Amino acid sequence: MIRTILNASFSFYATSFLPPNNSSMGGSGYKFEDSDKKSSHTGSHMIGFRATITWVFLIMSMLYVLYSSNHLLNSQDCATPVNIKNHLQIVTNVTGSNDVSKLEVQGKQGLGQGAKEVVPSRPQQFSRFDTELKHIVFGIAASSNLWEKRKEYIKLWWKKEMRGVVWLDKKVRMRGNEVLPEIRISGDTRGFKYTNRQGQRSALRISRVVSETLRLGMKDVRWFVMGDDDTVFVVENVLRILSKYDHNQFYYIGHPSESHIQNIFFSYTMAFGGGGFAISYPLAVELEKMQDRCIQRYPALYGSDDRMQACMAELGVPLTKEAGFHQYDVYGNLVGLLSAHPVAPLVTLHHLDVVEPVFPRMSRVKALQHLFQSVEFDSASIMQQSICYDKDHLWSISISWGYVVQVIRGVMSPRELETPSRTFLNWYRKGDFTSYSFNTRPVYRDPCQKPFLFYLTTNRLHRDKNKVFGFYKLERSPSPHCRWKMASPDTIDTIIVLKRPDPIRWEKSPRRDCCRILPSKKNSTMFLWVDNCREGEMSEL
């Protein structure tokens with residue numbers, strides 16, 4: 001509309017300068033009139049020109065006013081600030097004791113008056129399903145030859161109210177007072193072909209555990225969870241993981257191996273059964289219909305896990321990866337892995353017979369029982385890492401909650417500390433650090449940076465304050481000579497870690513907790529506070 005009016009104005013303005021159409025004009029030129037007529041004609045032209053200019057300016061002014069009014073009426077103010085209500089609360093005192101309460105207050109004041117502490121709160125919108133323990137059925141693949149030893153691992157995590165079946169190759173002796181799942185004998189697999197010369201035929205029966213469990217006809221089942229007899233589950237975190245997913249859909253949930261070579265031999269899209277995996281009920285139904293035909297098509301495969309993945313590939317269902325399922329295809333000491341656990345709930349541990357006990361100077365089962373004491377206080381936070389720095393001594397501190405605290409001379413960046421240190425060996429003896437499926441780092445690059453390890457000895461719950469006190473003792477061992485002119489962490493004997501349980505931490509976006517150093521009256525004792533990060537807080541010196 002505006003463009004049309006402008007074009008019309010311009011046309012009117014332009015035609016006012018054209019000469020009049022004269023019929024007497026010829027090819028030789030114009031016919032000139034006398035001076036009086038010429039003067040009169042010039043005057044009339046000047047009057048017409050002035051009128052034209054006046055109308056043009058009037059039209060342009062009107063158009064400008066109309067355009068400006070329309071713009072002002074329809075524009076939006078994008079710079080208007082949004083008012084955000086502040087729901088953050090200040091953390092209560094660490095303990096009922098006056099001394100420790102003062103320490104906490106001093107530690108908070110050290111961050112400045114503007115620092116705000118985040119109290120765990122459930123997000124307003126978070127899509128979760130009301131999956132409960134009664135909706136899960138466990139299928140455990142076991143061997144009669146190892147049953148007497150391996151059943152001790154199952155006792156660590158099994159509860160009377162749970163549902164599940166241990167599938168064995170033949171009958172074993174049972175004691176009436178043992179809290180264990182129901183025991184059944186696997187079906188006959190002699191009719192299935194198996195041609196792999198390096199493997200064992202037991203892979204056929206183990207691969208059918210989910211299908212055989214489904215055929216038992218249990219009611220109100222949403223998920224089938226598979227594991228080995230040496231797989232240890234943190235059941236509360238199994239629930240937290242499965243509650244994220246719609247059990248009415250097809251889901252195959254687990255994780256590959258820690259060994260890159262293992263994943264190359266088998267598949268990065270395969271859930272390793274020792275680390276455990278979960279299958280939704282509708283998918284288990286479809287699997288049961290076709291699995292016997294499926295495994296007949298793959299007689300040359302090595303184990304049960306790759307047969308399961310082959311059938312999933314035929315069904316078109318990919319692996320949904322959850323980092324908390326641990327196959328642990330490694331040897332040696334797990335402290336390097338567990339002290340830098342991913343920011344994900346710890347779901348399983350495996351291959352516990354081939355790695356060292358998770359706590360020194362304990363048997364494997366006793367060490368796991370000790371670990372599960374922390375699980376009872378805060379299962380969501382078990383093994384979760386926090387990083388902070390002692391500015392006075394220039395020490396780097398890494399906490400794996402419920403397990404170990406590492407104190408290291410010098411300043412190591414969080415990027416380094418969250419990378420597992422190679423305290424372990426690859427599943428393939430000749431494999432080097434490039435043979436892992438994740439980044440690793442040396443235990444220390446300089447003798448002065450060998451970590452001082454403080455292992456958990458006990459936890460205590462202050463019920464009034466809803467806080468857990470963890471006591472960590474220094475594991476004294478020979479240390480290489482250090483030439484650095486700085487204090488040594490071996491002057492500390494005990495580290496006390498204070499933490500509030502956070503059962504809803506995985507209903508929020510994943511993030512490490514922050515750790516803060518509290519003042520101490522004793523040089524031999526260090527106080528640390530672990531909690532949700534405050535606004536603007538981070539791991540920095």
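User: Which share of the contacts in the protein chain with a separation of 6 or more comes from residues 24 or more positions apart?

Analyst: A contact means heavy atoms within 4.5 Å. In this predicted model, residues 24 or more positions apart account for 69% of the contacts with a separation of 6 or more. Local features need pLDDT of at least 70 and side-chain atom pairs count only at pLDDT 80 or more, while totals for chains, interfaces and linings use all residues. Residues are numbered from 1 along each chain as its sequence is written, and side-chain values use heavy atoms, with hydrogens and water left out.

User: How many helices and strands are there in the protein chain?

Analyst: Helices (H or I, at least four residues) and strands (E, at least two) are DSSP runs, numbered from the N terminus. The protein chain has 13 helices and 19 strands.

User: What is the order of the strands in the closed barrel?

Analyst: Two strands pair if DSSP finds at least two bridges between them. Here eight strands form a closed barrel with mixed pairing, in the order E11-E12-E13-E15-E16-E17-E19-E18. Neighbouring strands of this sheet are turned by 25 degrees against each other on average, direction ignored; axes are lines fitted to C-alpha atoms, for helices over the stretch in contact, and angles run from 0 to 180 degrees between N-to-C directions. Tyr-472 has Ile-495 in E17 as its bridge partner. Helix H12 (residues 364-377) lies across E15 (452-462) and E16, at about 45 degrees to E15.

User: Why does Trp-157 count as buried?

Analyst: Buried means under 20% relative accessible area, exposed over 50%, and partly exposed in between (1.4 Å probe, protein chains only). Trp-157 counts as buried because its relative accessibility is 2%. Trp-157 is found in helix H4, whose buried residues also include Trp-147, Arg-150 and Tyr-153. Among the elements covering the buried residues of H4 are strands E1 (136-141) and E2 (163-168), helix H7 (235-242) and H12. Beyond its neighbours within four places in sequence, Trp-157 is in contact with residues including Phe-138, Val-232 and Phe-372. The C-alpha atoms of Trp-157 and Val-234 are separated by 6.8 Å, although these residues are 77 residues apart along the chain.

User: Is Phe-265 buried or exposed?

Analyst: Phe-265 counts as exposed because its relative accessibility is 57%. Phe-265 belongs to helix H8 (residues 260-265).
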